[in-house]
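Biologist: Before we discuss this chain, I would like each label to be set against the rule behind it. Could you show me the model and then take my questions in turn?

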Amino acid sequence: MKLINFKLFYSFFKIGAFTFGGGWAMISLLEKEIVNQHHWLSEEEFLDQLSISQSLPGIMAVNVAIGVGYKLNKIPGSIFAALGTIIPSFVIILAIAMFLTPDTIKHSPTLTAIFKGIRPAVVALILAPVFTTAKSAKINKKTFLIPIAIAVLIWSGLPIISSPILFICIGAAYGGFIHYHNFNKIKKEEHK
């Protein structure tokens, strides 16, 4: 068994065990572990991995784990990384389901205070990757209105316009158009 499988499992286990609030709250921990600490992906690769993981069905953190695991050690790496991400959540949810009912939480001032204390931390964990992702995506003065406009449109709740799927498809089509345009430009320059 390769050592990288255990490193993947341990790294993603830490991420899964200490992140509250779902996918976006995990991004700063994912980036710190994958990009900064282990250098498994560059910042640009990490941003691409996030884009792909959000576009696919399923849990974003598991999708990222599978992608990173596959890059490092194909299918075994994917399995170890995915298990590392899933097991902590499974165990925590199982423990909560066994011992904490909604009534227990509601009537316990300690548990209520704990959950109220976690909420602002989750908001901070979600906001931090927004700024790092914007920096990695090279959002500048010319393009900063695009993510704000899309966020407002999604938040609006208007039929069709508020669908994140619409903006993923538009972004993919635009990216394909730009790639095709640049590819043809390079081809024309090569033939000169």
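Modeller: Let us begin with asparagine 73, which has 10% relative accessibility and counts as buried.

Biologist: Why is asparagine 73 called buried?

Modeller: Buried means under 20% relative accessible area, exposed means over 50%, and partly exposed is in between, with a 1.4 Å probe and protein chains only. Asparagine 73 is at 10%, and therefore counts as buried. This is a predicted model, in which local features need pLDDT of at least 70 and side-chain atom pairs count only at pLDDT 80 or more, while totals for chains, interfaces and linings use all residues. Residues are numbered from 1 along each chain as its sequence is written, and side-chain values use heavy atoms, with hydrogens and water left out.

Biologist: Where does asparagine 73 lie, and which residues does it touch?

Modeller: Asparagine 73 lies in helix α4, residues 60-99, where helices (H or I, at least four residues) and strands (E, at least two) are DSSP runs numbered from the N terminus. Contact means heavy atoms within 4.5 Å, and asparagine 73 touches Lys2, Ile4 and Asn5, not counting residues up to four places away in sequence. By the DSSP rule, the protein chain has eight helices and zero strands.

Biologist: What makes a group of residues a nonpolar core, and which helices supply the largest one?

Modeller: A nonpolar core is a set of buried Ala, Val, Leu, Ile, Met, Phe, Trp, Tyr and Cys residues joined through side-chain atoms within 4.5 Å. The largest such core has 18 residues, and Phe12, Leu30, Ile34, Phe46, Val64 and Val68 are those with the most contacts inside it. At least two residues of this core come from each of α1 (3-17), α2 (23-37), α3 (43-55) and α4, and α4 gives the largest share, six residues. Valine 64 touches Leu30, Ile34, Gln49, Leu50 and Ser53, again not counting residues up to four places away in sequence.

Biologist: Why is glycine 175 called partly exposed?

Modeller: Glycine 175, which lies in helix α8 (residues 164-191), has 35% relative accessibility and so counts as partly exposed.

Biologist: What makes the pair of phenylalanine 6 and phenylalanine 80 edge-to-face?

Modeller: Rings of Phe, Tyr and Trp (its six-membered ring) pair if their centres lie within 6.5 Å, and planes under 30 degrees apart count as stacked, over 60 as edge-to-face and the rest as tilted. By this rule there are two aromatic pairs. One of them, phenylalanine 6 with phenylalanine 80, is 5.8 Å centre to centre with 70° between the planes, and is edge-to-face. Because phenylalanine 6 lies in helix α1 and phenylalanine 80 in helix α4, the pair ties together parts that are 74 residues apart in sequence. Phenylalanine 6 itself is partly exposed, with a relative accessible area of 44%.

Biologist: How many residues of the lining of the largest cavity are nonpolar, polar and charged?

Modeller: The lining divides into two nonpolar, three polar and two charged residues, where Ala, Val, Leu, Ile, Met, Phe, Trp, Tyr, Cys and Pro count as nonpolar, Asp, Glu, Lys and Arg as charged, and the others, Gly among them, as polar. Glu31, Glu43, Phe46, Leu47, Thr132, Thr133 and Ser136 line this cavity, a cavity being a set of points, on a 1 Å grid over the protein atoms alone, where a 1.4 Å probe fits but cannot get out, with lining residues having an atom within 4 Å of a point.

Key. 1 Å grid on protein atoms, 1.4 Å probe; cavity = no way out; pocket = protein on both sides within 12 Å on 5 of 7 lines; lining within 4 Å.
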